[in-house]
Amino acid sequence: MFSNNLAPDLKHGLSCILGINKSLDAGRYLGLPSLVGRSKKIIFRHIQDRLYQKLQNWRKRPISIAGRATLIKAVAQAVPVYYMSVSFPANFIHFAQLGSGIPLPCIYNQGFRDFTAFNVAMLGKQAWRLVSNPTSFVSRIYKAKYYPRGVFMEARLGNSPSFLWRSLWHSQLVGNSSSNSWNIDMISRIFSARDRDCILNLPPPSGLEPDRIIWHWTSNGVYSVKSSYRIIMERLVQNHHFFIDDDWHRIWNADVPYKARYFVWRALRGVLPTRLSLHSRGVQISPLCPLCERNLENSWHTFVGCPTTTPVWIETGIWTDINSLLGEVNSFTELGFRLLRNWPKIIGDQFIMILWSMWHRRNDIIWNDGPRDPNW
Ligand SMILES: [Zn+2]
């Protein structure tokens, strides 16, 4: 297939050289558009349409928040991933609809994909193919057009790059593939000044195999999207101001129903819709605890501070452990993680279920006028 800018006789000549009898119309291949024009909105609108179609059947059903999370992972993430696995648009999805209001570490810790990072990791796979298989047809075409006298790693974006080249270029890896000399820039970035000087004083290995590019984060040195995505996300998350450095896997690996894991994740993230939280967001509601009606209701009060919770902890036999930490921690999140670290797994799992039950009891009292007796 050819661009509309190409003269008909050139199209014909190239078709003869390449052995193509007839140039294809810009239709779809494997359900995806064959040509990417200037308007990306039009080209990618079908992804929106497909998501919309898939979600139509779900719209009328009431779904729990844990169910919605599963739905997002199973449908909303799967459709664009299919697209990215066979094509390579750069940053074509800004996952505002899913990600807005959810801090990046939450997305990561909870199993949602960050699509920008995932997109870059997928692009890296295409770039890796160019680098590791320079004699392939597509590699030779890109080299002839964009870096005829150099290598992919050092190629420049150029003046009017195509959409696909711009996408690939975004994932450009850093390296020096065949110079038989030290890459001083890279060594300076990676090593301390002392180590850098020691390395540069050594003669680079010669007479052995020619240099080749290896991927540092897999054992066999071959690029993988999974390892790339993990590295990108770890860097992004650790630089994020919402980052809470704790063992979230402990929550997700608990032997409790998924809804309880999801609930405790929200509680430790501090995103439960407590009355204080709702009130501070402008909801016309009293910020006081609906059980004792004396103190502001936040996560700490809901699970520890409220006098109605103490009998629950005493009854379940873990009050002593909780009480011993009350003077040492500053938040419910810190208390929760300290307790989960200290306890054997089975006690931690019980703790998670108790938190979940307490929240349900609270809701039962508010919405169904349930029993206020903590020994329910
Ligand atoms: Zn209370």
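How many of the 11 residues of helix α1 (residues 8-18) are buried?

## Helix α1

The number is 0, so helix α1 lies largely in the open. Here a residue is buried if 20 or more other C-beta atoms lie within 10 Å of its own, exposed if 12 or fewer, and partly exposed in between, with C-beta atoms placed from the backbone. Helices (H or I, at least four residues) and strands (E, at least two) are DSSP runs, numbered from the N terminus. After α1 comes Gly19, which has a positive phi, near 75°.

## The model and its chain

This is a predicted model, in which local features need pLDDT of at least 70 and side-chain atom pairs count only at pLDDT 80 or more, while totals for chains, interfaces and linings use all residues. Residues are numbered from 1 along each chain as its sequence is written.

The protein chain has 20 helices and 2 strands. It holds 376 residues, of which 20% count as buried. Two residues are in contact if their C-beta atoms, placed from the backbone, lie within 7 Å. Among the contacts in the protein chain with a separation of 6 or more, 56% join residues 24 or more positions apart.

## Two nonpolar cores

A nonpolar core is a set of buried Ala, Val, Leu, Ile, Met, Phe, Trp, Tyr and Cys residues joined through C-beta atoms within 7 Å. The largest one has 18 residues, and those touching the most other members are Phe263, Val264, Ala267, Ile352 and Leu355. At least two residues of this core come from each of α14 (258-269), α19 (332-342) and α20 (345-368). The most come from α14, which gives 6 residues.

Leaving aside residues up to four places away in sequence, Ala267 touches Leu272, Ser299 and Leu355. A second, separate core has 16 residues, including Val120, Ala121, Trp128 and Phe152.

Gln126 sits in helix α7 (residues 115-132). Gln126 is partly exposed because 18 other C-beta atoms lie within 10 Å. Between the C-alpha atoms of Gln126 and Tyr223 there are 9.9 Å, although the two residues are 97 residues apart along the chain.

Ile184 belongs to helix α10 (residues 184-190). With 12 other C-beta atoms within 10 Å, Ile184 is exposed. Its C-alpha atom is 9.7 Å from that of Ile199, a residue 15 residues apart from Ile184 along the chain.
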